[in-house]
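Here is a short report on a protein model with its ligands. Read it with the structure open.

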Amino acid sequence: MDESLGNSSMDSIEVGPTSPRVLVTPRIPAAVMMRETPLSTKRERQAMTPRYRGPMPKIFKSQQPQRSILSMTRKDTTPQLLTPHGPQPLESPLYDHKNAQSFLEQTFKIDEIIGRGSFGEVFAARCLEDSRLYAVKVSIAPIRQHSISKYREAELHMLIPPHKNLVRFYRAWVETDRLYIQTELCEQSLQQYCLIKHALPEKEIWNISVDLLQAVHHLHSLDMIHDDIKPDNIFLTRHKICKLGDFGLVINLKNPNDVKSAEEGDSKYLAPEVLNGRPTKASDIFSLGVTILEAATDLDVPSSGDAWHQIRNGQIPPRFFVGISPILQDLIKSMLDKDPLKRPTSQTLLAHASMKRKIFMRSLYVKWVDTSDSLTSLFKWILVWCMAFVSVVFRPVAWFHEEIQNRRSEICAQFLNPHQQHTPIHTPENSKAYSESLTGVALRQAVPSPFDFSDDENPPHSQRRLFQSAPVPPFPSRLNFDDDDDEDEEQATCSSSNSSAIEPIGDVSPRFRRPVTSMVQRESTPKSARRLLSAYRPSPGLSPTTSNFHNPSFSHQDHQASGDGFNNNMSMLTDQERTEKYRRMQQTEQHRDWIDRANVVDEAPPPMSCPPRIRRGTRDLPRLPLNFNLLDDEPSKKEGGDDVEQKREDKKAAPEMRRFLRSNSKQLRSRTISFQGSSGDEC
Ligand SMILES: Nc1ncnc2c1ncn2[C@@H]1O[C@H](COP(=O)(O)OP(=O)(O)OP(=O)(O)O)[C@@H](O)[C@H]1O
Ligand SMILES: [Mg+2]
């Protein structure tokens, strides 16, 4: 028997030697099952139950929505702003009454849902009016017409004067039977913070205690009871300043109705006397004591049972207070006193000697945070205004610069061609023309632009397309005086004075191509070419060269004036004088052609030809037939009878040749020496 009892791990035991085999559930020793104490930390609880993710959420009285409340709201009433004097129409420059969207959707940019509670959903939203972030709490259930108590949270919150340790209230409104409360946005709740960090360092516990005691003292001094102090309703800013929030259960002791209709807060943090009575200021101190205990010891606060009573009886095992200073331990224990009359008030606690210095340091920190926040916002404000100022100052400069550029383009266009519109290359117009050329529009509307300052040989693709698409008439031949109208004759006369300007591309050495030449060559019609040349017509006394193009003092008016004088002079000539003048010009033209051709040879000698310096030397020599056989005085023995006459003539010419050779012997010698190194093609 003993043996069988001792073997507790057996699945079945035999009861009595004669009795039939009976299967009995094995008993695990009670000492194994029972814990030393029902209290444990959250970390221990997590270790025992890995799936534990914090305390159970509160049971909601109404079913929680699966979708967001916003998607369920239908706008059928105008929003009413809740004020201490009653509801008033809510107005905003961004709000449109005719728009189907709610006021929240129209005037806020909703970032995310940051929490769901028994009351409703809480959104983090940026107000479009001031670009600041807020927390907006929207009630779950539609507020019924006569259910005034639903407005309590907003009404009480707006009654509480702002305090640095209370979540700030901004406004509340009702729309489509739903209550919206806009408050200060905090980073996280103390509950979330403790779940991550578990037992907080003592320094942080003191900071939290100081902040919350000041908040509670602020409420109590207003004869108000929070009645729901717990880590879930305490919020932390990004500077770790604690703020008490969620004023849904606040009791205004001055209002008898509030006291009568007072509800219990969360049972975990409930003072024992509230079970049989009403909430008091002391019950708030108790709830605050449990909250500080939880944050300091990571205690998994029980909501009922023996553990619940154990805490209220002051039987907290010492292991929970390991590492906590005796002063803090005393503070917590005094706040958890079973007798509410023995509990210290918020005022007493704040007046404690150990508290005073901490309060002072904390207030300094809060002021520093406020100042740094103000300075940051001021700096941002200054930066924005500086940028605005810079843009205001430099915008006219940029505009002026752009105007100058445009004006320069216009002047250039007028200067080159007063009758034709100038289309600069790098302009939106040109880009448009290019894009149109790609889409085929330019093929229908193409008007060739003569003013292309790009490389003659390799114009940009856009220009090529445009030029190719344009109907290009044949270029007028040089010195074409056959045009019927006088104007054309005058233009031709002018052009003849500057032959290089109308030289066809193939005949002119690249060195002689001037900007004007390029432009004239780009002219698609003879008439426009002449018109262009008229712009460069020199005034009397000035040489008809293109140098005026580079002369800034030579304005368009000068051109006009000089052109008119030229035309007048031409019209006064008789036919004979005119013909004579044309003949002279033709001669000059031919002479220049000769120079051009020579220069073309100079610049681009064909391969295997005579070097340029030798050609230059031979250019001055008289062009005589070089028959070196004549140098020999003796007649050839092989000569026939037919050549007798020829020989006689040669003999006559021989002295002349000798004379020539004698006079030019020096040049010929150097030329012969030079020929030894060349191919002699030229010779
Ligand atoms: N001002 C705020 N800043 C940041 N988060 C907030 C703010 N207000 C509420 N929250 C988040 O929303 C959650 C629910 O908010 P709140 O406690 O006010 O709702 P509730 O309906 O009253 O819930 P409960 O009745 O359970 O307290 C909070 O736990 C918190 O996480
Ligand atoms: Mg809450």
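L375, L378, W381, I382 and W385 make a nonpolar surface patch of about 560 Å² in this predicted model. One of these residues, L375, sits in helix α14, which covers residues 353-416. L375 has a relative accessible area of 52% and is exposed, because the cut-off for that class is over 50%.

Next comes the ligand site. Ligand 1 is surrounded by 18 residues. The closest are S118, F119, K137, E184 and D246. Several strands contribute to this shell: β3 (108-116), β4 (120-127), β5 (133-139) and β7 (178-184) each supply at least two residues.

| Residue | Protein atom | Ligand 1 atom | Distance |
|---|---|---|---|
| K137 | polar side-chain atom | oxygen | 2.6 Å |
| C186 | backbone N or O | nitrogen | 3.1 Å |
| D232 | polar side-chain atom | oxygen | 3.1 Å |

Taken alone, ligand 1 exposes 600 Å². The protein buries 91% of that area.

Now the metal. Which protein atoms are the donors of the magnesium ion (ligand 2)? They are OD1 of N233 and OD of D246, lying 1.9 to 2.3 Å from the ion.

Most residues other than glycine have a negative phi. D223 is not a glycine, yet its phi is positive, about 60°. This residue lies in the loop between α8 (202-221) and β9. D223 is partly exposed, with a relative accessible area of 28%.

K240 likewise has a positive phi of about 60° and is not a glycine. Its place is the loop between β10 and β11. At 32% relative accessibility, K240 counts as partly exposed.

Technical notes:
Residues numbered from 1 in each chain as written. Chains lettered and ligands numbered in written order. Predicted model: local features only at pLDDT ≥ 70, side-chain atom pairs only at ≥ 80, totals over all residues. Heavy atoms only, no water. Donors = N, O, S within 2.8 Å, 3.2 Å for Na, K, Ca; no water. Patch = residues over 30% accessible without salt bridge, like charges linked within 9 Å, V, L, I, M, F, W, Y side chains within 5 Å. Areas by Shrake-Rupley, 256 points an atom, 1.4 Å probe, with all protein chains shown as cover. Salt bridge = Lys/Arg side-chain N within 4 Å of Asp/Glu carboxyl O. Helix = DSSP H or I, 4+ residues; strand = E, 2+ residues; numbered from the N terminus. Buried < 20%, exposed > 50% of the residue type's maximum accessible area, 1.4 Å probe, protein only. Near = heavy atom within 4 Å. Polar contact = N/O pair within 3.5 Å; in protein donor to acceptor, adjacent residues only side chain to side chain.
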